[in-house]
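Please prepare a briefing on the structure shown below, covering selected residues, the ligand shell and the nonpolar core.

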Amino acid sequence: MGDWSGYIGLILQGALVTAKLTVMGTALALVMAFTAGLARLAPFAPLRWLARAYVEFFRGTSIFVQLFWVYFVLPFAGVSLSPLQAGVMALGLNVGAYGAEVVRGAVLSVPRDQYEACIAVNLSRFQRMRHVILPQALPLMLPTFCNNAIELLKGTAVVSLISLSDMTFQAQVVRAQTGSTLIPFATILVLYFAMSLLIAGGMRWLERRVTRGLDGVRP
Amino acid sequence: MAEPIIRFDNIRKSFGTLTVLDGLSFDVMPGEKLALIGPSGSGKTTILRILMTLENISGGHIEVCGEQLYHMQKAGREVPADEAHLHKMRRHIGMVFQHFNLFPHKCVLDNITLAPILTKGEPRAEAEKRGMALLDMVGLADKARAMPSQLSGGQKQRVAIARALALQPRIMLFDEVTSALDPELVEEVLAVMKRLADETDMTMLLVTHEMGFAHEFADRVLFFDRGHIIEQGPPDRIFTSPTHERTQTFLRKIIAAGHRV
Ligand SMILES: Nc1ncnc2c1ncn2[C@@H]1O[C@H](COP(=O)(O)OP(=O)(O)OP(=O)(O)O)[C@@H](O)[C@H]1O
Ligand SMILES: [Mg+2]
């Protein structure tokens, strides 16, 4: 024993890496979700096909394989990424593909009436989306986005495969050095759970904010 | 004599294999108040939706304010209108819908000012001042900050009318604007529309099953059946001595159903 504080310190360092991956991966996933989700509804067909190809490809292949490609194969094409960059990219692109479908579905579920009202008051396509459709679609996306973000958090563990010392990786290290499985894995269990609670709490707060206007009270 | 502000020329409209309008032609003069009546499915809504560019045409030409609505000139040739052309033409036209279609996430005043601010670049303060004046006109000045979900149907519809007016279109389209309302709320909306008809020189097309109101409102009544104008004329004549048998049958049925004429 004795050294446990050092080992816990290692795990906390890993927790920081996991948190970084989650935050940056989610940010990239959000950008990809909106870009590809809206592109799938674009009037310009090649844009729709491109977005469709992205979504199908990243949903249809595993995050594990995608990570290897990003980290080990891209360098042959002249793109060398640090393990952190590769992890963020694989996670963001993967979860973004699921998010794109959420964006698309939510936008499509805004009633036709609203599009027609926009045309009747002569809003442009962009203004329609920005001021009328997306504000109503956003509350519909948030619960699923919350699930996606938690999935992404759990997915971060795969980056230990490209020797990035995230929380799971550090727990393995501690286990190897101490021979104890229970303590390191109980610690990361609690930490993963705490992080996902944090995500869920943040989403609930956001949801309250964006739906406030729709409940009948002026924001 | 002035030029027509709207000119339907041989308009055809099909939904798949169903042809709703087949060679429809009619003109509307500036400032005219037109009532479109006729049995369900006769194409009245379709005509308004075509004018609002919510529905494309299958054939023919429409002129609005002296310009082609669905066509434009390119290198001396006539081509289908693009989005930019439609955007330009829509400035002339406003529409009020049966189900109001207010923006539920915006308060009453923002519903009205959104489009003037975005599409005309009106400064917010000015747009709000005009918006308040419009709300005052429809009797809802005290609801400026309410959300649509807090309003009754009649109030929603009056907001929708103010929203359409805020863009100052030359042509206003009303599609059965009272038929989704509880009977006791109909009157307040009709009163607003009657005032508009009396006090402005806007051209108005009204689709309605309220024959009594059509009578008071319109300069000219068009009776449609299966996409064709069967009979048209001043309301006094159409409602008291229709010459066509189908018009007579239609009006008799409406009276029997309890609508006032
Ligand atoms: N989007 C559509 N797809 C297919 N058919 C349609 C569509 N819109 C209208 N129709 C058909 O076109 C015909 C005319 O419809 P329209 O709504 O113009 O009639 P209307 O005169 O307004 O009737 P009502 O008095 O019931 O409102 C109807 O037979 C209707 O079923
Ligand atoms: Mg109709």
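B:H105 counts as buried because its relative accessibility is 13%, where buried means under 20% relative accessible area, exposed over 50% and partly exposed in between (1.4 Å probe, protein chains only). The model is predicted, so local features need pLDDT of at least 70 and side-chain atom pairs count only at pLDDT 80 or more, whereas totals for chains, interfaces and linings use all residues. Residues are numbered from 1 along each chain as its sequence is written, chains are lettered from A and ligands numbered from 1 in the order in which they are written, and side-chain values use heavy atoms, with hydrogens and water left out.

**Selected residues**

- B:H105 is located in the loop between β8 (93-96) and α3 (108-120) of chain B; helices (H or I, at least four residues) and strands (E, at least two) are DSSP runs numbered from the N terminus.
- A polar side-chain atom of B:H105 lies 2.8 Å from the backbone oxygen of A:H131.
- A:R209 belongs to helix α8 (residues 182-211) of chain A, and with 48% relative accessibility A:R209 counts as partly exposed.
- A distance of 35 Å separates the C-alpha atoms of A:R209 and A:I11, which are 198 residues apart along the chain.

**Ligand 1**

- Among the 13 residues around ligand 1, those that come nearest are B:S40, B:G41, B:K44, B:T45 and B:T46; a residue is near a molecule if one of its heavy atoms lies within 4 Å of it.
- The shell comprises four nonpolar, seven polar and two charged residues, with Ala, Val, Leu, Ile, Met, Phe, Trp, Tyr, Cys and Pro counted as nonpolar, Asp, Glu, Lys and Arg as charged, and the others, Gly among them, as polar.
- α1(B) supplies the largest share of the shell, three residues.
- An oxygen atom of ligand 1 is 2.8 Å from a polar backbone atom of B:G41, and an oxygen atom of the ligand is 3.0 Å from a polar backbone atom of B:G43.
- In the side chain of B:E176, an N or O atom is 3.3 Å from an oxygen atom of ligand 1.
- Ligand 1 has 640 Å² of accessible area on its own, of which the protein covers 60% (Shrake-Rupley method, 1.4 Å probe).

**Nonpolar core**

- The largest nonpolar core has 52 residues, of which B:I161 and B:F174 touch the most other members; such a core is a set of buried Ala, Val, Leu, Ile, Met, Phe, Trp, Tyr and Cys residues joined through side-chain atoms within 4.5 Å.
- Helix α6 (residues 183-199) of chain B gives the most to this core, namely eight residues.
- This core lies between domain 1 (1-11 + 18-92 + 171-261) and domain 2 (103-168) of chain B, because both give residues to it; the domain bounds come from an automatic or database domain assignment.

Note on methods. Polar contact = N/O pair within 3.5 Å; in protein donor to acceptor, adjacent residues only side chain to side chain.
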